[in-house]
Amino acid sequence: MRLLPLFLTSLAVAAPIAPKKAEPQKPLTAAQKADFTKVIQPIFDAHCISCHGPKKEKGKLRLDTLEATLKGGKNPTFVMGKADSSMLLARVFLERTAGDVMPPKAEKPMTEKEKEAIYAFVEGQPIPDELSKAALTDTKTAVAEAKNAPKPKK
Ligand code: HEC
């Protein structure tokens, strides 16, 4: 019986896209919270909250605050430190042609730097300065481009 939890863990690794139950989340450190505010929230604001924020809650998920992000939607988003079993990461790192990719195919994709920053955050590691800067530069560009683009038809 003792071996069972280990066995279940390896199953979770084999099927990273659909974790069924929310795992307990440890409280975030001050540094992790600061990284979220400084780097991750601007990325989500630029690429996600039009569908996962106050106006729309697709998949019952909001990404406009740390609390909402950690709470998840229909499914858990991620547990800090467990990048391999994160549904949010899995969907962000899907091929752009995949039906489940986030942001969806028709939207402007995130850059590698933006994705890497989200990955580092979920891993629970401090996001390296260089990566933060590069990701935020990309995010600013995306925001500027969105402002200049003609309004999409709804
Ligand atoms: C144009 C709208 C749109 C944008 C932008 C968007 N999403 Fe989504 N998202 C959806 C829809 C619709 C669903 C629900 C259907 C599904 O699960 O595919 C969803 C579902 C999800 C889910 C699964 C929620 C659950 O609990 O099952 C995650 C995780 C997710 N999105 C992450 C993101 C992230 C991260 C971004 C930004 C990088 C993003 N999405 C941007 C439309 C969007």
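The legends below describe close-up views of a predicted model.

**View 1**
The protein has 154 residues, and 24% of them are buried. Contacts between residues at least 6 apart in sequence can be sorted by separation, and 55% of them join residues at least 24 apart.

**View 1. Lys60 is in the loop between helix H2 and helix H3.**
Helix H2 covers residues 30-47, and helix H3 covers residues 66-71. Lys60 has a phi angle near 60 degrees. This phi is a positive value, and Lys60 is a residue other than glycine. Is Lys60 buried or exposed? Lys60 has 11 other C-beta atoms within 10 Å, so it is exposed; the cut-off for an exposed residue is 12 or fewer.

**View 2. The peptide bond from Met102 to Pro103 is cis.**
The omega angle of this bond is near -15 degrees. Pro103 is placed in the loop between H4 and H5.

**View 3. Helices H2 and H5 cross at roughly 140 degrees.**
The axes of H2 and H5 come within 10 Å. The angle makes H2 oblique to H5, because only angles over 145 degrees would count as roughly antiparallel. The crossing of H2 and H5 is left-handed. From H2, the residues in the contact are Asp35, Phe36, Val39, Ile40 and Ile43. From H5, they are Glu114, Ala117, Ile118 and Phe121. The contact of H2 with H5 has seven nonpolar residues and two charged residues, with no polar residues.

**View 4. Ala117 is a buried residue of helix H5.**
Ala117 counts as buried because it has 27 C-beta neighbours inside 10 Å, where the cut-off is 20 or more. Which residues does Ala117 contact, leaving aside its neighbours within four places in sequence? They are Val39, Ile40, Ile43, Ile127, Leu131, Ser132 and Ala135. Val39 and Ala117 are 78 residues apart in sequence, yet their C-alpha atoms are 7.6 Å apart in space. Val39 belongs to the H2 side of the contact with H5, while Leu131, Ser132 and Ala135 belong to the H6 side of the contact with H5.

**View 5. Helices H5 and H6 meet in a left-handed crossing.**
H5 covers residues 112-123, and H6 covers residues 129-148. Their axes come within 8 Å and cross at roughly 130 degrees. H5 and H6 are therefore oblique to each other. On the H5 side, the contact is made by Lys113, Glu114, Glu116, Ala117 and Ala120. On the H6 side, it is made by Leu131, Ser132, Ala134, Ala135, Asp138 and Thr139. The contact of H5 with H6 has five nonpolar, two polar and four charged residues.

**View 6. Helices H2 and H6 pack at an angle of about 25 degrees.**
The axes of H2 and H6 are 10 Å apart. How is H2 oriented relative to H6, roughly parallel or roughly antiparallel? The angle makes H2 roughly parallel to H6, because angles under 35 degrees count as such. H2 passes H6 in a left-handed crossing. In H2, the residues that take part are Lys38, Val39, Pro42, Ile43, Ala46 and His47. They meet Ser132, Ala135, Leu136, Thr139, Ala142 and Val143 in H6. By class, the contact of H2 with H6 has eight nonpolar residues, three polar residues and one charged residue.

**View 7. Ala146 is in helix H6 and is partly exposed.**
Ala146 counts as partly exposed because it has 14 C-beta neighbours inside 10 Å. Ala146 and Lys108 are 38 residues apart along the chain. Their C-alpha atoms are separated by 9.0 Å.

Technical notes: Residues are numbered from 1 along each chain as its sequence is written. This is a predicted model: local features need pLDDT of at least 70, side-chain atom pairs count only at pLDDT 80 or more; totals for chains, interfaces and linings use all residues. Helices (H or I, at least four residues) and strands (E, at least two) are DSSP runs, numbered from the N terminus. Axes are lines fitted to C-alpha atoms, for helices over the stretch in contact, and angles run from 0 to 180 degrees between N-to-C directions. Angles under 35 degrees count as roughly parallel, over 145 as roughly antiparallel, 65 to 115 as roughly perpendicular and the rest as oblique. A crossing is left-handed if the near helix is turned anticlockwise from the far one by less than a right angle, and right-handed if clockwise. Two residues are in contact if their C-beta atoms, placed from the backbone, lie within 7 Å. Ala, Val, Leu, Ile, Met, Phe, Trp, Tyr, Cys and Pro count as nonpolar, Asp, Glu, Lys and Arg as charged, and the others, Gly among them, as polar.
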